[in-house]
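Student: I would like to learn how to read helix faces, surface patches and salt bridges from a set of coordinates. Could we work through one case?

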Amino acid sequence: MGGTEHLTVQREGATLVLTLNRPEARNALSLPMLVGLHDGWLEADADDSVRSVVLTGAGGSFCSGMDLKALAGNGMAGEEYRDRLKADPDLHWKAMLRHHRPRKPVIAAVEGYCVAGGTEMLQGTDIRVAAESATFGLFEVKRGLFPIGGSTVRLPRQIPRTHALEMLLTGRPYSAREAAAIGLVGHVVPDGTARDKALEIAEQINACGPLAVEAVKASVYETAEMTESDGLAAELTRGWPVFDTADAKEGARAFAEKRPPLYNRA
């Protein structure tokens with residue numbers, strides 16, 4: 001497994017856990033963090049024994065966005081990773097899930113601050129769990145900046161436009177309960193338990209047929225902007241081959257024998 005000084009990678013069964021690990025800066029984005037994230041997504045995609053990913057933060061915060069001190073010209077940690085950015089100028093956008101969608105389901109476990117770039121990265125995840133005291137928001141306009149991580153495109157497609165525009169144009173903070181009410185997150189749990197809840201959801205996903213899970217996720221995103229008729233046609237193209245897989249046959253046998261399925265990609 002990979003990882004860097006600002007991004008830890010762990011395995012919890014069939015789940016890969018990526019932890020933003022710069023707690024002294026509320027996990028503000030850094031070059032080591034971005035490189036670690038990029039490599040973590042690729043690792044999850046390449047390893048068939050990984051069936052889900054949990055993205056979380058260390059030290060009671062998720063991510064407070066870009067390191068504004070570095071943006072102001074005070075330098076950014078991890079200059080030794082600069083060659084990775086030169087080799088792939090799109091690396092940071094892939095790391096933040098702007099230009100990369102992992103094949104496996106990604107579950108966000110949010111404690112504390114998830115603001116600016118943190119909220120932008122959150123929009124690239126599939127399922128979201130927030131601790132009671134978590135804080136969300138897109139603060140860029142208050143600082144004279146633009147939320148260029150994808151929020152002006154993605155947020156109005158994920159929550160009602162009136163709420164998306166209010167979040168984008170006011171730059172105000174949102175509580176976990178308010179984030180849940182507008183549909184930005186799906187679960188609000190007691191502080192300190194977001195990771196546990198995310199792993200619980202991951203285990204439920206891991207127990208399902210991995211080929212079916214990947215195909216379902218791909219179909220949801222692939223058809224999102226299609227007309228209904230085009231989307232239904234694309235769904236058949238994506239879905240029918242799943243019925244011919246060993247996973248589908250094992251699922252049917254397990255159901256008939258009243259036992260848990262034993263999928264090949266364990």
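Tutor: What follows takes these features in turn, for a model that is predicted.

Student: Where should I start with helix 12, and how many residues has it?

Tutor: Start with its length. Helix 12 has 12 residues and spans 16 Å from first to last C-alpha, close to the 16 Å expected at 1.5 Å a residue.

Student: Which residues of helix 12 are buried?

Tutor: Burial is read from relative accessible area, with buried meaning under 20%. In helix 12, Asp247, Glu250 and Ala254 are buried. Viewed down the axis, the buried residues of helix 12 fall within an arc of 65 degrees, so they line one face.

Student: What do the buried residues of helix 12 pack against?

Tutor: They pack against helix 10, residues 210-222. The face of helix 12 turned away from the buried side carries Phe255 and Ala256, both exposed.

Student: What happens just after helix 12?

Tutor: Lysine 258 follows, with a positive phi of about 55 degrees.

Student: Which residues make the nonpolar surface patch?

Tutor: Leu236, Trp240 and Phe243 make it, and the patch covers about 390 Å². Phenylalanine 243 sits in the loop between helix 11 (228-239) and helix 12 (246-257). Its relative accessible area is 58%, so phenylalanine 243 counts as exposed, the cut-off being over 50%.

Student: Now the charged side chains. What is the general idea?

Tutor: Side chains of opposite charge can pair when their charged atoms come close. The structure holds 17 salt bridges.

Student: Which parts of the chain does the pair of arginine 103 and aspartate 48 link?

Tutor: The closest N and O atoms of arginine 103 and aspartate 48 are 3.6 Å apart. This pair links distant parts of the chain, 55 residues apart: arginine 103 lies in the loop between helix 4 (91-95) and strand 4 (106-110), aspartate 48 in the loop between helix 1 (31-46) and strand 3 (52-57). Arginine 103 is partly exposed at 33%, and aspartate 48 is partly exposed at 37%.

Student: Is aspartate 88 buried or exposed?

Tutor: Aspartate 88 has 18% relative accessibility, so it counts as buried. Its salt-bridge partner is lysine 94, at 2.9 Å from N to O. Lysine 94, at 25%, counts as partly exposed.

Student: Which residues form a network of salt bridges?

Tutor: Glu250, Arg253, Glu257 and Arg259 are linked in one. Glu250 has already come up as a buried residue of helix 12.

Note on methods. Residues numbered from 1 in each chain as written. Predicted model: local features only at pLDDT ≥ 70, side-chain atom pairs only at ≥ 80, totals over all residues. Heavy atoms only, no water. Patch = residues over 30% accessible without salt bridge, like charges linked within 9 Å, V, L, I, M, F, W, Y side chains within 5 Å. Areas by Shrake-Rupley, 256 points an atom, 1.4 Å probe, with all protein chains shown as cover. Salt bridge = Lys/Arg side-chain N within 4 Å of Asp/Glu carboxyl O. Helix = DSSP H or I, 4+ residues; strand = E, 2+ residues; numbered from the N terminus. Buried < 20%, exposed > 50% of the residue type's maximum accessible area, 1.4 Å probe, protein only. Expected span 1.5 Å × (residues − 1). Arc of directions from axis to C-beta. Contact = heavy atoms within 4.5 Å.
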